[in-house]
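Trainee: I have not looked at this structure before. Please show me how to read it.

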Amino acid sequence: MEKIAAKTLLAGLTPAERIDPAQEIGLVTTDSREVQPGCVFVAFPGERFDGHDFAARALEQGAAWVVLNHPVEGVPEEKTILCPDSYRAMMQMGANYRAQFAPKVVGVTGSAGKTTTKEFCATALSALGSTVKTEGNQNNELGLPRTLFQIGAETQYAVIEMGMNHAGEISRLSCCARPDVGIITCIGLSHIGNLGSQENICKAKLEICDGMPEGAPLVLNYDDPFLRKAELPAHVRPVWYSMTSQEADVYASAIRQENDGMSFLLDDAENGCFMVHIPALGRHNVSNALAAYCAASQLGLGPKEAIRQMKEFRQTGMRQHMLDSHGVRIIEDCYNANPTSMKAALEMFRDYPCKRRFAVLADMLELGDESRAAHEEVGRLVAQSGVDVLITYGDLAHRTATVAAAKGVRTIHAHNYEEIAGFLAKAACPGDAILFKGSRLMALENAVEQLRALQDAAALAAENSEQS
């Protein structure tokens, strides 16, 4: 964060006459351990800790201001900014800060593929200049302002991921970040329990247009039926990408999965045809790469340079993380799961070269009334995906196991990570592959960790036995 006049940063939160015109702020933090002289400390009430309990200490450590939801004993009024919603305070400061700079901003939303598309975009745009991107899953009303605070005078591009649980949230995020280009990857079932229907989810995702200027390009997935029939705001200009229709502005054909990624022919209506290779598996990642290509080309990156840059793409976190453990290939895709991403993962796994396929699938959360049907549909997809053994984990995933078993798939329902790891340590052999996928709260990475520990122990025991 570059230093900014306090009266500019805090505009809309407190009257300007309260603020010394010469005062500057160089940090906004919600963590009392990060407090430094001249910063703003924003107190958030939480389940384990309440930031209000650290407000007085923040001032003692030199904070210029503390943002509080209510007065706190011992915290002087003249150093306090009262705001009933700490998220709103962060968003206001984020918008004020972002307005001082002029990077080209890409906003990315959608029910699945947001983070991967964001990474593809940032990888491509880094060829043009200094690029800031959302780190991890900082895509809400707390994380987005934190990302905006990373922008500086030298920043030329910013790729901002926008997530939501309820209607209205994307609108607030977009108006804060003010994207020059928007991307909507797809409309799935995530958060349908809150929004009621996929039509409503589509409307919520289209709120990304609220912060976009007149004539701004909105990159849309032509293969998504809800986006294709959606009524788009008149002030944006749609740019369509597709893997099924040549009517789109950018179209992928001859799609082929290889050992190290995907190859395809990219047909750009304006710039011609190009062969592309991306180091990511699955047709869904071709779609994500197309979205990023469209956004980057709208911002002036030439097609050959964009394609060359996307070869440098790397998956982040626990998304399609490939591990080789004693000859067994582990595909750790534990970051999140919804019906769209689960289908994409199984389609990728079906074409993955290996001897046998083991799938460990856990609950998909936040699906509301659609949950039972969605988990049963995954069971049908498992049966069509060449999975030799299915291991399920979680009460909801039990429905997946029931349907898959009825379709003839060997199925095991595990009650804990130890059961998952113990079975796979004995059953999986060199040349086999294991896919782990479930919602973030199911924490399947724990099963991966335990499996690898058992494999290491077995290999060590075998080595000691040979030596003796």
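The dialogue below goes from the whole chain to single residues.

Mentor: This is a predicted model, in which local features need pLDDT of at least 70 and side-chain atom pairs count only at pLDDT 80 or more, while totals for chains, interfaces and linings use all residues. Residues are numbered from 1 along each chain as its sequence is written, and side-chain values use heavy atoms, with hydrogens and water left out.

Trainee: How many helices and strands are there in the chain?

Mentor: Helices (H or I, at least four residues) and strands (E, at least two) are DSSP runs, numbered from the N terminus. The chain has 16 helices and 21 strands. Its radius of gyration is 24 Å, close to the 23 Å that the globule rule gives for 468 residues, so the chain is as compact as a globular protein of that length. The radius is taken over C-alpha atoms, and the rule is 2.2 Å times the number of residues to the power 0.38. Along the principal axes, the C-alpha atoms fill a box of roughly 75 × 60 × 50 Å.

Trainee: What percentage of the residues of the chain count as buried?

Mentor: Buried means under 20% relative accessible area, exposed over 50%, and partly exposed in between (1.4 Å probe, protein chains only). Of the 468 residues, 55% count as buried. The chain exposes about 20,000 Å², and carbon and sulfur atoms supply 47% of that area. Such areas come from the Shrake-Rupley method with a 1.4 Å probe; for residues, only the protein chains shown count as cover.

Trainee: What share of the contacts in the chain with a separation of 6 or more comes from residues 24 or more positions apart?

Mentor: A contact means heavy atoms within 4.5 Å. Residues 24 or more positions apart account for 62% of the contacts with a separation of 6 or more.

Trainee: Which strands are joined to S21 by bridges?

Mentor: Two strands pair if DSSP finds at least two bridges between them. Strand S17 (residues 328–333) is joined to S21 by 5 bridges, and the two run parallel. In this pairing, arginine 329 stands opposite alanine 433. Strand S18 (residues 357–362) also runs parallel to S21, with 5 bridges. Here phenylalanine 358 has isoleucine 434 as its bridge partner.

Trainee: Are the faces of S21 covered or exposed?

Mentor: Both faces are covered: Ala433, Leu435 and Lys437 are buried on one side, and Ile434 and Phe436 on the other. For the strand, residues 433–437, that is 5 of 5 residues buried.

Trainee: Which residues other than glycine have a positive phi?

Mentor: Most residues other than glycine have a negative phi. Among those with a positive value is glutamate 366, with phi near 65°. Glutamate 366 is in the loop between S18 and helix H13 (371–384). Another is alanine 443, at about 50°, in the loop between S21 and helix H16 (445–467). Alanine 443 has a relative accessible area of 12%, so it is buried.

Trainee: Is glutamate 445 buried or exposed?

Mentor: Glutamate 445, in helix H16, counts as buried because its relative accessibility is 18%. From C-alpha to C-alpha, glutamate 445 and tyrosine 335 are 8.7 Å apart in space, and 110 residues apart in sequence.

Trainee: Where is glutamate 73?

Mentor: Glutamate 73 is in the loop between strand S5 (65–68) and strand S6 (80–82). With a relative accessible area of 80%, glutamate 73 is exposed.
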